[in-house]
Amino acid sequence: MPKLHVFFNDLPSNDFNTLFSNLPPQQDREYFAAGVLGSFYDRLFPECSIHFACTSYALHLLSKSPEEVQAVLYDDWRDK
C-alpha cells in the first residue's frame, strides 16, 4: 500500500481530467494522487497535515511580484 499522498492543486474552473488520465494506473503507482480545488492564496489543508510541500509552477499565479524580486530585477536592468 502506498505511503505517499500527492495532492494537485488548481482553481475550481480548471479540469483535472487530463492530468489524471495521464497518470499511471493506481496499481502501478507507488503513491496516491488527489486533486484539491482552491485558491493558491487560501488554506487548502488542515493545520499540521502537510509534512512537505513543493511548488514548481506557481510564480505566474501571483498577482504581484514580491518586492525583493522587483528590487533585484530593477538593479540588474539599471546597471546595464
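The following dialogue examines how several terms apply to this predicted model.

Colleague: What is the order of the elements in the chain, from the N terminus on?

Modeller: The elements run β-α-β-α, and the chain has two helices and two strands.

Colleague: What makes β1 and β2 a pair of strands?

Modeller: Two strands pair if DSSP finds at least two bridges between them. β1 and β2 have seven bridges, in the parallel sense, and therefore they count as paired.

Colleague: Why is the crossover from β1 through α1 to β2 called right-handed?

Modeller: The criterion is the direction of the path when the strands point away from the viewer: it is right-handed if the path from the first strand over the helix to the second runs clockwise. The β-α-β crossover from β1 through α1 to β2 is assigned as right-handed, so its path runs clockwise in that view.

Colleague: Why is the aromatic pair of Phe-8 and Phe-20 called edge-to-face?

Modeller: Ring centres must lie within 6.5 Å for a pair, and planes over 60 degrees apart count as edge-to-face. Phe-8 belongs to strand β1 (residues 4–10) and Phe-20 to helix α1 (residues 17–22), so that the pair links parts of the chain twelve residues apart.

Colleague: How many aromatic pairs are there by this rule, and which residues form the aromatic cluster?

Modeller: The count is three aromatic pairs. Phe-8, Phe-16 and Phe-20 form one aromatic cluster.

Colleague: How do you know whether Phe-8 and Phe-20 are buried, partly exposed or exposed?

Modeller: Buried means under 20% relative accessible area and exposed means over 50%, with partly exposed in between. Phe-8 has 25% and Phe-20 has 29%. Both values lie in between, and so Phe-8 and Phe-20 are partly exposed. For the chain, buried residues make up 8% of the 80 residues.

Colleague: Why is Glu-30 called exposed, and where is Glu-30 found?

Modeller: Glu-30 is found in the loop between α1 and β2. Its relative accessible area is 70%, which is over 50%, so Glu-30 is exposed. Glu-30 and His-5 are 25 residues apart in sequence, and their C-alpha atoms are 9.3 Å apart in space.

Colleague: What share of the contacts between residues at least 6 apart in sequence joins residues at least 24 apart?

Modeller: The share is 54%.

Colleague: Where is confidence lowest, and where is it highest?

Modeller: Confidence is lowest in α2, at a mean pLDDT of 66, and highest in α1, at 90. The mean pLDDT of the chain is 78, and 72% of its residues reach 70 or more.

Technical notes
Residues are numbered from 1 along each chain as its sequence is written. This is a predicted model: local features need pLDDT of at least 70, side-chain atom pairs count only at pLDDT 80 or more; totals for chains, interfaces and linings use all residues. Side-chain values use heavy atoms; hydrogens and water are left out. Rings of Phe, Tyr and Trp (its six-membered ring) pair if their centres lie within 6.5 Å; planes under 30 degrees apart count as stacked, over 60 as edge-to-face and the rest as tilted. Helices (H or I, at least four residues) and strands (E, at least two) are DSSP runs, numbered from the N terminus. Buried means under 20% relative accessible area, exposed over 50%, partly exposed in between (1.4 Å probe, protein chains only). Contact means heavy atoms within 4.5 Å. pLDDT is the predictor's confidence in each residue, from 0 to 100.
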